[in-house]
Amino acid sequence: MKPYLRDRIPETLAELPDATAYEAGYLVTKNAGWRSSRPVIHQETCRGCLKCYLYCPEGVIFQDGGKVKIDYDFCKGCGICRKICRFGAIEMEEEK
Amino acid sequence: MARKFLSGNEAFAEGIRLAGPQVISAYPITPQTIVVERLSEMVEEGSLSAEFIHVESEHSALSCAIGASAVGARAFTATSSQGLLYMAECLTYASGGRFPIVMMNANRSTALPWNIYGDQRDSISLLDSGWIQCYVENAQEALDLALMSYYIAEKKEVSTPFMVNLDGFVLTHTYEVTDVPEKEQADAFLPGYETENKLDPDHPRNLGFSVGPEHNMAFKYKEHLGILHAKEAVREAEERFAQIFGRQYTGLVEAYRTEDASFVLITLGSIAGLVRETVDRLRERGEKVGLLRIRYLRPFPNKEIAEVLGNVRAAAVLEKDISFGNEGTVFSNVNSALHKAGIPVPVSGYIGGLGGRNISSEEIEGIFEDLKSEKRKTMFLGLGGEGEWV
Amino acid sequence: MGINVKTLCKDEFFYGHKACAGCGGSLAVRIALKVLGERSFAVLPAGCMSAVGFNFPQLCFGNNAVISTFAGTASMLTGIEAGLRAQGIRDFQAVGFAGDGGTADIGLQALSGAIDRNDDILYICYDNEAYMNTGIQKSSLTPFGARTTTTPAGKNIRGNLRPKKNMFEIVAAHGIPYAATASIGDLNDFMEKVEKASRIKGTKYIHVIAPCPTGWGIAPDETVEVAKEALDCGLWYLAEYEEGSGMTLNYRPGTFASVEHYLKRQGRFRHLTGDDIDIINHSRDVKWKLIEKNLGE
């Protein structure tokens, strides 16, 4: 479970809530555009220790079928994961 | 039903016991203190099942009540004067968040100079904070409003916090015989609070969020509609109240002997009792005078005031309030109501009772006497400053 | 078995937020919520984490969460806890996340009140050592010497003249059931403390140092290592206070790493002179003597 992107953006008076209360974890925009460089995980070097996942301020690193992956929709490219990796498995690549 | 000899504060506390808030957070301040003392005793003896939170300030009192309301609990707080001003930030928070908290305010002068006695500058200075504001006249009405306030505030289409104002000392500390209903009657009147405007373990929500320029005004518009819906909710609550308790209230205003009146004095709160007696005495002398008591300052009874004053020759507002540099705020509001209705009645504005200064029956008679000139006048009662403040 | 990266809840509760890249505060909030789980009721006052997480309709908390007034973190937590309990709702954690200003300045009174009442809440201060949301102004947790926009470093005054307020000991002096210091430089320690706090009834306080790349003048990828370096050079320390057993130190560097290195890598301290650094070294040594004295060593 995590907050996720929704299709519907409330716009009209009828769609807007009556109070400042709304469904939790309701995302309508990505953060991908913030990045100047992206972390790339070299799977052959990665030991799956998950330290990068732990220290990611965005929570965008996750394990999927034994592989460690990154949700690039929300990664801001801060590079903490690259620095924290003891195995040098993460490299930053310039966004084009 | 039991008949008890109660002060305004005690009567209100009895009403709160009957309404059964789940969380009470309050900080002591004269002349509100007795309410929280009684409620503490009720919690101690078990006649009221509520979490009583001994907060360290009024800001925390209302912030705590907001937290409780934000999880769907019925919440109560009480304050006065400096305490109300100290919690001012939380007032707009509660109304903007649409949390139907009930607060009793013991109307008291605001410093400086320090003074613990009654006037209404505290609550009236916060008239624009988005709360329903009711001003009661006596202990019975105080008790009854403790119950009705929750009914009105919690109506889904209203969802607006409710401030019940009792004049400090004059009402909070004065004893009157009061009917105290049975709990079963109260439960029949007041349903439990149900809302979707809450943090909910089964349906997680984000509350109290930021809204940018694009949609912020829409939220404010909805807030305004909410408090306007209180007008209908007041009518409905009073009808239901009369059916169950046999006491009928009169909506946003109470008109007394105004049907054929030439001169009407408009006021609010406990001073209405003395005005009523004065009206009766003058009526015995054949003078066509009446009283219009404003019960609700928000939502404001524009229509009701215009209806009562449509055929009078002159009217005056007597209020324990002054908007420095202008005039009494109630006076401004009444003039606005009449102007919108196209009623050209001359209305005078009298500031009285500030810091607990006595208002005598003779002074009230004097106002009615002044009205006969059918000229507009504004003044500090008993001090001067006569003239048109323009 | 203790909590660690493998046992930590896989769900994310703070996601898609608009914090600056490399934000230490957002990491602290994210990790704490993963430890506390889906039945957390989070209160965040006006400040960075509420500003970046609650921009309707972009709502970044997957759990129940609400913004409080700036001063009202603890009092709103109290109301939430009492309101849920009054409705018979059990098995939840009311948790607050306030910054250094929201905790040590404007929110201190309400926090003290909550501790005094021993309300069953967890209060986490993410300390980035200045009012970062308004653009880096001094708070009472800004350290000596730091340049902020209200303590500029110029010819006459070299940054902030006052040392950091000791929130941990202020809180502990209330006789709180549990208080701890932590750092985003050591998340295992932080996770354990959050987990431990969640099992204790009454008021809990965790003070977690959370560097702010923007306000500290460091690169976004340096947040974690700078936080770690603060521990190694002894300018921050990991400790716990438990009612009845007093204070425990969790980490003691064998020899302190260079304070100067820690300071000079940050833009906010770059103006400091050798004398200034001597003052900071000296106050660090005095502080550690006091810590040792408190521990009866």
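The conversation below treats helix packing, a strand and a chain contact.

Guide: This is a predicted model, in which local features need pLDDT of at least 70, side-chain atom pairs count only at pLDDT 80 or more, and totals for chains, interfaces and linings use all residues. Residues are numbered from 1 along each chain as its sequence is written, while chains are lettered from A and ligands numbered from 1 in the order in which they are written.

Visitor: How are helix 1 of chain C and helix 7 of chain C oriented to each other?

Guide: Helices (H or I, at least four residues) and strands (E, at least two) are DSSP runs, numbered from the N terminus. Helix 1 (residues 24-36) of chain C packs against helix 7 (residues 187-198) of chain C at about 45°; axes are lines fitted to C-alpha atoms over the stretch in contact, and angles run from 0 to 180 degrees between N-to-C directions. Angles under 35 degrees count as roughly parallel, over 145 as roughly antiparallel, 65 to 115 as roughly perpendicular and the rest as oblique. Helix 1 and helix 7 of chain C are therefore oblique.

Visitor: Is strand 11 of chain B buried or exposed?

Guide: A residue is buried if 20 or more other C-beta atoms, placed from the backbone, lie within 10 Å of its own, exposed if 12 or fewer, and partly exposed in between. On one side of strand 11 of chain B are B:F263, B:L265 and B:T267, and on the other B:V264 and B:I266. Because 5 of the 5 residues are buried, strand 11 (residues 263-267) of chain B is largely enclosed by the rest of the structure: buried.

Visitor: Which residue stands opposite A:E23 in strand 9 of chain B?

Guide: Two strands pair if DSSP finds at least two bridges between them. Strand 2 (residues 21-23) of chain A and strand 9 of chain B run antiparallel, joined by 3 bridges. Opposite A:E23 stands B:R205.
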